[in-house]
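Please keep the structure in view while reading, and look up each residue as it is named.

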Amino acid sequence: MPGLAAQWRGVTSDTIASVERLAGQPLPSFYRWFLSRMGPLAYPTLDFSAQRVLACYARKQVLPDSRFLLIAFESDEMMPLHLFYDFSAPSREDALVTSREARGGELTDRFETLREMLAWGAVSLFRIDRAPQTLSGSIKGDAPDFLSRLDPVMDSLGFTASISTGPLCRVYERPDAAMVCRGTPRAGLGNMRTFKLGGSNVGSLRRILGEIATEPSLELAVKGPVAG
């Protein structure tokens, strides 16, 4: 995604080993890759850097826990929900991403994997939120992995899947449009996913939604235009 590559500066193997000691177990393969390639990546208020993670533990802002590992510090003091790995839910050489306050509290699950969260967020931020036209809504299906029925439809429309994903997430792109879908892990919402779609004009978005609506196993509900 534009603007991300300039931030890619991986950390040393010694730093990764320090994070792993805090985790008390081997780090997920994707997270090791992430730290070695994209270590200091920062969102507007989220700092994913290993240096910040280590500093939070050193200052005892966060205490070591065999189940949770801090992976991003939230600097927004109004809603300081930091991102943690939940090692009780490993998935595809990665792990579930949840958010909570530094010392514990209620969990708000975000994505099945950090990889999905980063890809979904990048396409949302750099493609959809900046598109001239955007729509949002929901898709329902008759099976837990119903988004697999969406894949051939999007392929026929010229979209490619940016990454390989699980049953709760999809990230599709083509030159003039992009679409992301997500469901919340452990939320008990059944076979429903929200989506965001952005493109160059309303006509192309209508054609995309029209093709999706022709798939009989999918139920599409459109909320209408969304701001950024």
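This is a predicted model: local features need pLDDT of at least 70, side-chain atom pairs count only at pLDDT 80 or more; totals for chains, interfaces and linings use all residues.

A residue counts as buried when its relative accessible area is under 20%, as exposed when that value is over 50%, and as partly exposed in between. By that rule Cys-56, at 0% relative accessibility, is buried.

- Strands of a sheet pair through backbone hydrogen bonds, and the pairing can be either parallel or antiparallel.
- In this model five strands form an open sheet, arranged in the order β1-β2-β3-β4-β5, and their pairing is antiparallel.
- The edges of the sheet are formed by β1 (46-47) and β5, each of which pairs on one side only.
- Strands β2 and β3 are paired in the antiparallel sense over four bridges, and within this pairing Ala-72 has Leu-83 of β3 as its bridge partner.
- Strand β4 (residues 94-101) and strand β5 (residues 104-111) also run antiparallel and are joined by four bridges, with Thr-98 standing opposite Asp-109 in β5.

**The nonpolar cores**

- In soluble globular proteins, nonpolar side chains tend to be buried together.
- The largest nonpolar core of this model has 43 residues, and those with the most contacts inside this core are Tyr-31, Phe-34, Leu-35, Phe-48, Leu-69, Tyr-85 and Leu-114.
- Helix α4 (residues 114-128) gives the most to this core, contributing seven residues.
- Which residues does Tyr-31 contact, leaving aside its neighbours within four places in sequence? The partners of Tyr-31 are Val-19, Val-53, Leu-69, Leu-70, Ile-71, Tyr-85 and Leu-114.

**The aromatic rings**

- How many aromatic pairs does the structure hold? There are eight aromatic pairs.
- One of these pairs is formed by Phe-68 and Phe-84, whose ring centres are 6.5 Å apart; the planes of the two rings stand at 85°, and the pair is therefore edge-to-face.
- This pair links distant parts of the chain, since Phe-68 belongs to strand β2 (residues 68-74) and Phe-84 to strand β3 (residues 82-91), with the two residues 16 residues apart.
- Both partners are buried, Phe-68 with a relative accessible area of 9% and Phe-84 with a relative accessible area of 1%.
- Phe-111 and Trp-120 form another aromatic pair, which is tilted, with 5.6 Å from centre to centre and 55° between the planes.
- Phe-111 is buried at 3% relative accessibility, and Trp-120 is buried as well, with a relative accessible area of 15%.
- Phe-30, Tyr-31, Trp-33, Phe-34, Phe-48, Tyr-85 and Phe-87 form one aromatic cluster.
- The charged end of Arg-100 sits over the ring of Phe-68, at 5.0 Å from the ring centre, and Arg-100 also lies over the face of Phe-84, where the distance to the ring centre is 4.0 Å.

**The cysteines**

- A disulfide is a covalent bond between the sulfur atoms of two cysteines.
- A search of the whole structure finds zero disulfides.
- Cys-181 is buried, at 1% relative accessibility.

**Two residues of a loop**

- Most residues other than glycine have a negative phi.
- Arg-92, a residue other than glycine, has a positive phi near 50°, and its place is in the loop between β3 and β4.
- Glu-93 is not a glycine either, yet has a positive phi of about 60°, and Glu-93 too lies in the loop between β3 and β4.
- Are these residues buried or exposed? Arg-92 counts as partly exposed, at 42% relative accessibility, whereas Glu-93, at 61% relative accessibility, counts as exposed.

How values were computed: Residues are numbered from 1 along each chain as its sequence is written. Side-chain values use heavy atoms; hydrogens and water are left out. Rings of Phe, Tyr and Trp (its six-membered ring) pair if their centres lie within 6.5 Å; planes under 30 degrees apart count as stacked, over 60 as edge-to-face and the rest as tilted. Buried means under 20% relative accessible area, exposed over 50%, partly exposed in between (1.4 Å probe, protein chains only). A charge sits over a ring if NZ of Lys or CZ of Arg is within 6 Å of the ring centre and within 35 degrees of the ring normal. A nonpolar core is a set of buried Ala, Val, Leu, Ile, Met, Phe, Trp, Tyr and Cys residues joined through side-chain atoms within 4.5 Å. Contact means heavy atoms within 4.5 Å. A disulfide is a pair of cysteine sulfur atoms within 2.5 Å. Two strands pair if DSSP finds at least two bridges between them.
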